[in-house]
Amino acid sequence: MLVLLPPSEGKAHPETGGSVDLGSLAFAEQLSERREELLGALDPELQKAPATPAAEVYTGVLFKRLELPQLPAKARRRVLIASALWGVVRPDDRIPYYKLPPKEKLDGIGPLAKYWRPALAEALPDEEGELIVDMRSGAYSAMWKPKRATLLPVRAFTESDGERKAVSHMAKAVRGDVARALLDAKKAPGDSEGGAAIAESAGFTVELNDGSLDVIV
């Protein structure tokens with residue numbers, strides 16, 4: 001199982017520590033060239049800014065509920081965080097504070113989802129029988145989708161008088177809680193049904209619909 005997270009708008013400002021080392025980030029061989037190009041277009045000074053683990057930089061609701069830094073190293077290795085600037089990073093990859101919305105267009109770069117798509121297709125794991133639990137929002141989902149692995153998006157809904165509505169204000173919290181349950185499991189799920197069973201055993205009301213894990217809150 002691999003859990004794909006979005007980044008968060010809320011970020012911590014590392015005050016001390018060495019700068020980002022592009023060669024140490026996830027999938028450096030495939031992604032470093034594009035990362036360097038984006039840094040040059042956005043703000044070259046970011047390469048000198050203090051950096052700290054991504055799990056500590058991202059501070060939004062999903063990350064507060066998930067508490068990535070407290071997870072065992074084995075569980076953190078099952079997580080990748082999407083980013084308009086870095087493509088993807090691991091929780092332990094050291095990065096600086098930055099700001100780059102996924103829909104922003106930089107000179108010479110163009111739409112960021114299109115910019116990242118070929119490099120991520122080359123870099124990210126995509127094998128038959130692998131489960132990829134997708135917590136990303138639409139803008140980040142457009143950057144990469146597997147062709148062979150099973151992608152399981154997690155959606156949140158409310159239900160009243162038989163009517164079901166997608167929720168936005170609680171979706172990040174729900175995804176953080178579900179991600180925590182999946183990563184805390186003694187044995188990682190190998191398919192969508194296994195992921196749903198773990199979420200249900202953790203107390204969530206869930207259904208598998210149209211290839212998605214729907215959480216009813």
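1. In this predicted model, the lining of the second largest pocket divides into seven nonpolar residues, no polar ones and five charged ones. The volume of this pocket is about 170 Å³.

2. Among the residues lining the second largest pocket are Met-1, Pro-72, Arg-78 and the run Leu-182, Leu-183, Asp-184, Ala-185, Lys-186, Lys-187 and Ala-188. Helix H4 (73–76) and H7 each give two or more residues to this lining. The largest share, three residues, is from H7.

3. The largest pocket holds about 480 Å³ of space. Its lining has 22 residues, of which Pro-7, Ser-8, Glu-9, Tyr-140 and Lys-172 are the closest to its centre. By class, the lining comprises 13 nonpolar, four polar and five charged residues.

4. At least two lining residues of the largest pocket come from each of helix H3 (61–66) and helix H7 (171–184). H3 provides the largest share, with three residues.

5. Asp-126 sits in the loop between H5 and strand S8 (131–134). Asp-126 counts as buried because its relative accessible area is 8%, against a cut-off of under 20%. Its side chain reaches the backbone nitrogen of Lys-147 at 2.7 Å. Leaving aside residues up to four places away in sequence, Asp-126 touches Trp-144, Pro-146, Lys-147, Arg-148 and Ala-149.

6. In helix H1 (residues 28–42), the buried residues are Ala-28, Leu-31, Ser-32, Arg-35, Leu-38 and Leu-39. Their cover includes strand S4 (87–89), strand S6 (105–106) and helix H5 (112–123).

Definitions and conventions. Residues numbered from 1 in each chain as written. Predicted model: local features only at pLDDT ≥ 70, side-chain atom pairs only at ≥ 80, totals over all residues. Heavy atoms only, no water. Buried < 20%, exposed > 50% of the residue type's maximum accessible area, 1.4 Å probe, protein only. Helix = DSSP H or I, 4+ residues; strand = E, 2+ residues; numbered from the N terminus. Contact = heavy atoms within 4.5 Å. Polar contact = N/O pair within 3.5 Å; in protein donor to acceptor, adjacent residues only side chain to side chain. 1 Å grid on protein atoms, 1.4 Å probe; cavity = no way out; pocket = protein on both sides within 12 Å on 5 of 7 lines; lining within 4 Å. Points joined across faces, edges and corners; volume = space filled by probe spheres on them. Nonpolar A, V, L, I, M, F, W, Y, C, P; charged D, E, K, R; others polar.
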